[in-house]
Amino acid sequence: MTGDITVISGPTAVGKGTVVSALRRRCPELWVSVSATTRAPRPNERHGRDYLFVSDAEFDDLIARDGLLEWAVVHGKHRYGTPRRPVEEAVAAGRRVILEIDLQGARQVRSKLPGVRSIFLQPPSWEVLVERLVGRGTESDEGRARRLATARVELAAASEFDHIVVNEDLEQTVEELVGLLGLASTSSEGSS
Ligand code: 5GP
């Protein structure tokens with residue numbers, strides 16, 4: 001499969017979800033993959049929009065049918081994976097594809113599809129990352145500790161990516177991504 005595919009990765013609570021939503025609003029031509037996961041939905045999350053929330057057995061079945069482009073156990077607990085077929089269809093339709101996945105997934109996609117563009121979102125500092133994670137209030141103490149342990153490993157791998165973007169200010173981050181992806185700006189002031 002060759003197409004315009006961009007992997008966006010980065011540690012927990014760096015703001016990947018917010019950044020990707022803002023990028024999508026700014027550039028509606030982007031197609032953003034919806035991952036499958038065995039984790040339970042958070043209160044504001046919807047099946048089919050945020051994730052495909054599946055059981056362990058359903059995830060096993062996706063793997064057995066070679067239905068995932070990549071998958072990984074994230075934060076040592078739940079499985080997350082990119083459904084293959086929708087990505088293939090989006091690429092075939094000429095869409096520009098965004099995969100928001102973890103480091104392990106990014107590595108798999110890069111080795112399977114050497115032409116992908118990879119971007120690492122970095123927090124301004126370790127302290128800001130911890131603050132954002134605590135402020136989000138979605139994790140237990142144990143969950144937070146696990147996510148911070150993964151974050152240390154992920155931050156150490158930033159240089160593997162084609163580009164590193166520091167997510168300090170949302171608008172500026174989106175601006176940088178628009179530039180890196182070579183997207184036309186649709187905002188009134190910034191159009192070129
Ligand atoms: P969360 O549980 O906070 O929604 O996501 C946890 C982590 O899983 C994030 O780092 C996110 O990038 C990663 N993730 C989400 N979807 C996928 C996927 O399809 N594949 C992989 N490998 N990681 C994913």
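Helices (H or I, at least four residues) and strands (E, at least two) are DSSP runs, numbered from the N terminus. The structure is a predicted model, in which local features need pLDDT of at least 70, side-chain atom pairs count only at pLDDT 80 or more, and totals for chains, interfaces and linings use all residues. Residues are numbered from 1 along each chain as its sequence is written, and side-chain values use heavy atoms, with hydrogens and water left out.

Strand β5 covers residues 68-74 and includes Trp71. Trp71 counts as partly exposed because its relative accessibility is 31%; buried means under 20% relative accessible area, exposed over 50%, and partly exposed in between (1.4 Å probe, protein chains only).

Asp66 is not a glycine, yet its phi is positive, near 55 degrees. Most residues other than glycine have a negative phi. Ala13 is another non-glycine residue with a positive phi, of about 60 degrees. Ala13 sits in the loop between β1 (5-9) and α1, and is buried because its relative accessible area is 10%.

Helix α1 spans residues 16-26 and includes Arg26. With a relative accessibility of 14%, Arg26 counts as buried. The side chains of Arg26 and Glu175 are joined by a polar contact of 3.1 Å (a pair of N or O atoms within 3.5 Å; within protein, one must be able to donate a hydrogen and the other to accept it, and residues adjacent in sequence count only if both atoms are side-chain atoms). Arg26 also lies 9.8 Å from Leu183, C-alpha to C-alpha, although 157 residues separate the two in sequence.
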